[in-house]
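Here is a friendly set of notes to read alongside the structure. Please keep the 3D view open and follow the points in order.

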Amino acid sequence: MNYNGFQELASTNQWGAIWPELVMAGIAILVLCLDLFLPSTRKRIIPTFAIASQLGLLGVLVLGCGCEVGTSGPLFGGMIESGPYLGYMRAFFVLSSALVCYLAISYLSRQNLPRSEFFLVTILVSASMMLLVQSSNFVMLFVALETVTIGFYVLVSYCRYSAFSLEAGLKYLILGALSSAILLFGIVLLYGAASNPALKGATSDAMNFTELGKFIAQNAHEPLVLIGATLVICGICFKIGAVPFQIWVPDVYQGAPTPVTAFLAISSKAAGFFVLMNLIIGPFAHLTALTQPLLSAIAIITILFGNLTAIGQRNVKRVIGLSGIAHAGYLLIAIVAMTNPQGASLAPWAIIFYLFAYLFASFAIFGVMVHLAGAADEFQELEHYQKLAERQPFLAGVLAIGLGSLAGIPPLAGFIGKLLIFIAAFQAGLYVLLGAAIIGVVISIYYYFGWIREAFFVKPTLPGDEAKQAYPMPGAVGIFHKVMLSLLVILTVVLGLFQRGIFGG
Amino acid sequence: MFTDFNLLLLSIFIPLSAAVVLFFGKSLGKSGVRLISAIGFMLPAVISVYLWMKFDSQTDLLNGFAYVGGCDLGLRESVGITLLLGLNGISMPLYLLAGIVGLAAGIHAMYSQAERLHVYMGLLLVMQSGLMGVFCSIDIFFFYFFHELALIPTFIMIGIWGGEGRRAAAMEMTVYLTLGAMLSLLGLIALYGQTGWDAATGFSLIGLQEYLSANGISAIAQNNIFALLLFGFGILVSLFPFHSWAPRGYANAPTANAMLHAGVLKKFGLYGLVQIAVPLLPFGALAWNDWIVWLALGNIVVIGFVTIAQRDLKLMIGYSSVMHMGYIFLGIATMSIVGIGGAVMLMFAHGVSVALMFVLATAVYNRTGTYDMKAIGGLGPKAPVLAGLFVAASMASIGLPGFANFWGEFTVFIALWENHAWAVAPAVFGVVISAIYGLRAAANIFFGPQTKSFTESLGDREIGDITPAERAPATILLVTLAFIGLWPMGISNSIEKTVETEPVYVHMPSKLKVSKAEATSETTLQLAEADATETAQEGGKSL
């Protein structure tokens, strides 16, 4: 790199532009310091500090959306570039991270495990997700992604004396490494193709999204490019849990501590989709001949697989995991719609809205799950929810609204999310995908409603059933939890009724 | 500013806020719960009656809609969804129906023995709010939205307060109706898509009418979208052979819930066909016309025989309500002013009469402890007023003169004679079938000797006549039926006013005589254009 290159690099090193990420990292370091230096009697303030500071950051992000520091355009020598939806993505990850920390308080209070490290890793992973979704260079993308993944290796097997958690960690490690390898191979192929001087439009900076995009525009039928792009998409499909890279989902979701399951189901999935969005509108914009059929096929199989396999499950963590696969399928429809000029204007908003609706609803459900789980976190069966409406009407109500939103029932936010995706798909003319989505939604009613039924409808007791009624009664819900869960539920309802101010920034 | 639009808005939000209060009203006590639910049901009913009385004198109409107003909740810019409310001659009777049946169901539920009464009433009020919203929405998205809002309490109420087979019935109904709702949602989105995703037109019925009359839709699109809507709505209305959820659902539903669902909510799909699908997609409706007629006859004849075979009173009412949907579909299939008028009239009449039947069936059950008609007998002398009401209700439901149902069925038959003369015979035969099962039910329950098992189960217990709490809703409903039966102009005027301005219904009967080959061939589009110009000349308004 010559002198001018360094000069440009220096001028684009605008640290102010990534201040939210820096603040998140700062919070993580502070948590670490507090853990080191506070006397053990005072350590209980650490979770409160972690949540409060993240919510503070979220407040600044939401209120101060207009006052973005720094400029648009490539930063740090083309490593990152803020896209049009970055504000939403940042808010998403900070909110999700704060809520995972909230769930962790309940969870950790029941386990004999180190506390502060959990918050530390969660916040760091969230910070790298925020960098991941603005990376505009494959090196940056891979480094950020690996930071996320390594953090998850730790978190998934966090409950180190539970065989299930360790099994989940091992599975996640092996399959995660495999997917990283696939992704990396794809990146290398793209790099190799794009810097081959024999090809038209070869570039010296082939890792850069913009340069790569220009190259692909001229060589959209180059086999190496097609294979490379396919492998990159496959690597990301692992993160979002799309078929055929969903194998790990049920086991890992079941074995991981519940807050980590939530983190995987929400943040990790969303990060995958945001990256996919960036790739689809960025370097792969001219590969629609490949991405459209590929992603369509994945979407259809994913929807059907997720819904059909979720029907037979009795463990709620597996139900959530498999239904999450189905949600990935619905979101993939919107991604496919983005590849079509007709649907390109609405589809990104549909994805963002859907993910936020999914976040509120899922955290409400996970909040209930954490509360109902005993010490053995991985055994949460549908039967545990029997008579929940009588014993804990508040939790039952939260659960019903959360599940209703996931099922896409009006007037909840999930319905508007599905509606927007359907409209975007219609605009793009994706009738087959719509058909699959309809079938999926109808099937999903069966297990979501089955769960609600378990909680609300009193089962006629048969003789001999009394022996099985030995599930522990959940304790009373504290006021703090009531406030948090009510907020999630209220947001789910309000987003379903009023969407003003969300669209178009 | 207090306009009539605000009244429409209030009729939706009063029940909804009452519901919210009740959900958190564990400590209210029985009388408090009753007071709040009374407010929640009474005010919408009063508003609906007030707006109905004012309706005929309305001159300030927007495309035939009175009391129009709207507000943007945030989706207008991107996908053209606005909360737009108003009433025209087709929706006015149904809005009135929702108000009246809602009040009757509310009174019935207030004095029922349901456990956790405050939640029960709260869910019922959510349903009521959705029902009021369905029929005054001009925006077809909100039309769908309010329907779903009213549907969800149904599932929950069946599951919690339902009868023996409630768990299975609730599940079956939920999955089945979600399928129907999803198909119709796709149809509605596709309809919006025909405008080229113009957010200014959006989901507003008025906007769609204007856009489509100016631009027209291709024959293929009409056929496909109409099919989506027909089968989507058809599932929701229990069109044969998609009816299996209905009788079992109703048999297991708590009474007030069954009244609102069978009486009012089920009219959603029919209303959608009359108000949206047929006027906007006339040639789609034409292409599917034979299907509608045959399936409707399936409803009437096949389900008619199934109804005769029922022993369980509530199942019988459920099946008979499925059967009567057939007449309304036939009315829609005629696509003529008379037929559509009859269909809307019949929707109103059927809604009231089926709700009345559910009230009375529950009254019978409360006295005898069984729905098995063969196991009762001789109840008449013990409960003469109940017997009288039941006989009157059966007669209304059969369609005898003096009740609103008569006018509905009668006009449907007249319209049918004009373009499907052959179908009149099975349809009239259906009336005979209803007479058989209706009168036989009355005879089995109230007249003749008491069965042995009934005498035994009764023991020393004294059976009283109908109580005031049962009498009030029954009276409201029966008086409505008789009032419209004696003075059908009360609602037919408003129906006529709107249907006559709908170019499709004015011009379509003649087109029905076009041979089917011609109607489905490539010439359809030209037909549409020819029709459009013809209409433009005659009505000053194009198709």
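1. β1(B) and β2(B) run antiparallel to each other and pair over five bridges; strands count as paired if DSSP finds at least two bridges between them. Helices (H or I, at least four residues) and strands (E, at least two) are DSSP runs, numbered from the N terminus.

2. Before going further, a word on the model: it is predicted, so local features need pLDDT of at least 70 and side-chain atom pairs count only at pLDDT 80 or more, while totals for chains, interfaces and linings use all residues. Residues are numbered from 1 along each chain as its sequence is written, and chains are lettered from A and ligands numbered from 1 in the order in which they are written.

3. How many of the residues of strand β2 (residues 81-87) of chain B are buried? The count is seven of its seven residues. Here a residue is buried if 20 or more other C-beta atoms lie within 10 Å of its own, exposed if 12 or fewer, and partly exposed in between, with C-beta atoms placed from the backbone. Ile81(B), Leu83(B), Leu85(B) and Leu87(B) are on one side of β2(B), with Thr82(B), Leu84(B) and Gly86(B) on the other, and both faces are covered.

4. Tyr67(B), in strand β1 (residues 66-75), has a positive phi of about 55° although it is not a glycine. Tyr67(B) has 24 C-beta neighbours inside 10 Å and therefore counts as buried. Arg116(B) also is not a glycine, yet has a positive phi of about 50°; you will find Arg116(B) in the loop between α4 (91-110) and α5 (117-136) of chain B. Arg116(B) counts as partly exposed because it has 15 C-beta neighbours inside 10 Å.

5. Chain A has cis peptide bonds to check. One goes from Val243(A) to Pro244(A), with omega near 5°, and Pro244(A) belongs to the loop between α9 (223-240) and α10 (249-255) of chain A. Another goes from Pro410(A) to Pro411(A), with omega near 5°; Pro411(A) sits in the loop between α16 (393-407) and α17 (413-427) of chain A.

6. Which element of chain B gives the most residues to the side that touches chain A? In total, 26 residues of chain B are in contact with 28 residues of chain A, contact being C-beta atoms, placed from the backbone, that lie within 7 Å of each other. β1, α3 (76-79), α6 (140-161) and α7 (166-193) of chain B each give two or more residues to this side. The most come from α7(B), with 12 residues. By class, this side of chain B has 16 nonpolar, six polar and four charged residues. Ala, Val, Leu, Ile, Met, Phe, Trp, Tyr, Cys and Pro count as nonpolar, Asp, Glu, Lys and Arg as charged, and the others, Gly among them, as polar.

7. Next comes a helix pair in chain B. The axes of α16 (residues 337-368) and α17 (residues 384-398) of chain B come within 10 Å and cross at roughly 150°. Axes are lines fitted to C-alpha atoms, for helices over the stretch in contact, and angles run from 0 to 180 degrees between N-to-C directions. α16(B) and α17(B) are therefore roughly antiparallel; angles under 35 degrees count as roughly parallel, over 145 as roughly antiparallel, 65 to 115 as roughly perpendicular and the rest as oblique. Residues of α16(B) including Leu356(B) and Leu360(B) meet residues of α17(B), among them Leu389(B) and Phe390(B). This contact has nine nonpolar, two polar and no charged residues.

8. In another pair, helix α15 (residues 313-334) and helix α18 (residues 404-419) of chain B pack at about 45°, with their axes 9 Å apart. α15(B) and α18(B) are therefore oblique to each other. Tyr327(B), Leu330(B), Gly331(B) and Thr334(B) in α15(B) meet Glu409(B), Val412(B), Ala415(B), Leu416(B) and Asn419(B) in α18(B). The classes here are five nonpolar, three polar and one charged.

9. Last, please find Phe446(B) in helix α19 (residues 421-446) of chain B. Phe446(B) counts as buried because it has 22 C-beta neighbours inside 10 Å. Leaving out residues up to four places away in sequence, Phe446(B) touches Leu379(B), Gly380(B), Ala387(B) and Phe390(B). The C-alpha atoms of Phe446(B) and Val364(B) are separated by 9.5 Å, with the two residues 82 apart along the chain.

Notes. Two residues are in contact if their C-beta atoms, placed from the backbone, lie within 7 Å.
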